[in-house]
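This report describes selected local features of one protein chain. Please consult the sequence and structure shown here.

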Amino acid sequence: MIPHDGILHVLMITTAWPTPGRARTTYFIRRQAEFLQAAGVDVDVFHFKAAKSPWNYLLGWLRVRRQMATKRYDVAHAQFGQSGLLALPKRVPLVVTFRGDDLQGMLDPEGRLTLPGRLLKFVSQMVGRCADAAIVVSEHMAELLHPSVRTHVIPSGLDFGLFRPFPQEEARRHLGLPLDKRLVLFVGNPDLPRKRYGVAKQAVAILNRSLPAELLIAWGTPHNEVPFFMNAADALVFTSRQEGSPNVVKEALACNLPVVSVRVGDVPLRLWGVEGCELCEDDRPETIAAALARVLRRNRRVAGRDAVRDLEESHLTQQVISVYRSVALPRQSS
């Protein structure tokens, strides 16, 4: 339905918002909000620091209640399942975007669900059943929601202006990296168990027995510097145990960087048909090392940008707006 003034008024609620000086990977949330606003949606962003604290959730809930009392919204849009708690009980229709850990749970270094991970998964599934519509970033996540939930698959979009191919020499000079070495890029928090940095490190160590290469880590760097790392590298190695729709893989493809990855999330879909990328049959370091060797010996960029053209943010924004309109209640003229 369309509100009587023709404008959708949305309160976006999120526990994750990129802030200066902090290593975050959630720029896609800010970008989505900005594109929605550019498309004519009135978006107010409410972001709060959860820090696994019930007290923080309570304070956030009270602040959301006050916000909803001072302005009429057509839709509340929670980014991540746990953020949806702040919109319950519902005052307006609720849309929830689930992005990975919220529905899949958090893992320990051995790949087992942690107790907080089990709680997060339970809470997110409960929030999903309360939502008027759910958005998941990859097809496999839809199976984790109750069949009664109206579910839409809309992956996170890409900033094609920022993530673009440019000369490797230019990127390496910018970062002060050697021009004569093979560089394998790892993008992610090395301390996060599900990213399995240790597996990537072992794979590169095995690779070095036959083909010299160095592992380059891009974590904690400014977001606008990541494209320099992707254009400086010869390959991206991706070893996560669990993902939804990892943006780093899609961003690497937008830079035409070859990707070597394990089978996780929607990566098989993203790499399908992209010559020069490697999808490993298992996650053993030896298998990953062999795939890296093939990619590095090929020594060519890939046509990844063409493969992710459908992830243009403006196109996906219209899909999100369609979800909003499908749940928004008609307003009565004053």
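## Aromatic pairs

Four aromatic pairs are counted, where rings of Phe, Tyr and Trp (its six-membered ring) pair if their centres lie within 6.5 Å, with planes under 30 degrees apart counted as stacked, over 60 as edge-to-face and the rest as tilted. F166 and F228 form an edge-to-face pair, at 5.2 Å centre to centre and 65° between the planes. This pair links distant parts of the chain: F166 is in the loop between β6 and α6 (168-175), F228 is in helix α8 (residues 226-232), and they are 62 residues apart. Both F166 and F228 are buried, that is, under 20% relative accessible area, with exposed over 50% and partly exposed in between (1.4 Å probe, protein chains only).

The ring centres of F186 and Y197 are 5.3 Å apart and the planes are at 65°, so this pair is edge-to-face. Ring pairs also link F46, F48 and Y57 into a cluster.

## Basis of the values

The model is predicted: local features need pLDDT of at least 70, side-chain atom pairs count only at pLDDT 80 or more, and totals for chains, interfaces and linings use all residues. Residues are numbered from 1 along each chain as its sequence is written, and side-chain values use heavy atoms, with hydrogens and water left out.

## Strand β5

Helices (H or I, at least four residues) and strands (E, at least two) are DSSP runs, numbered from the N terminus. Strand β5 (residues 133-136) is covered on both faces, with A133 and I135 buried on one side and A134 and V136 on the other. Three bridges join β5 to the parallel strand β6 (residues 151-153), and I135 stands opposite H152 in β6; strands pair if DSSP finds at least two bridges between them.
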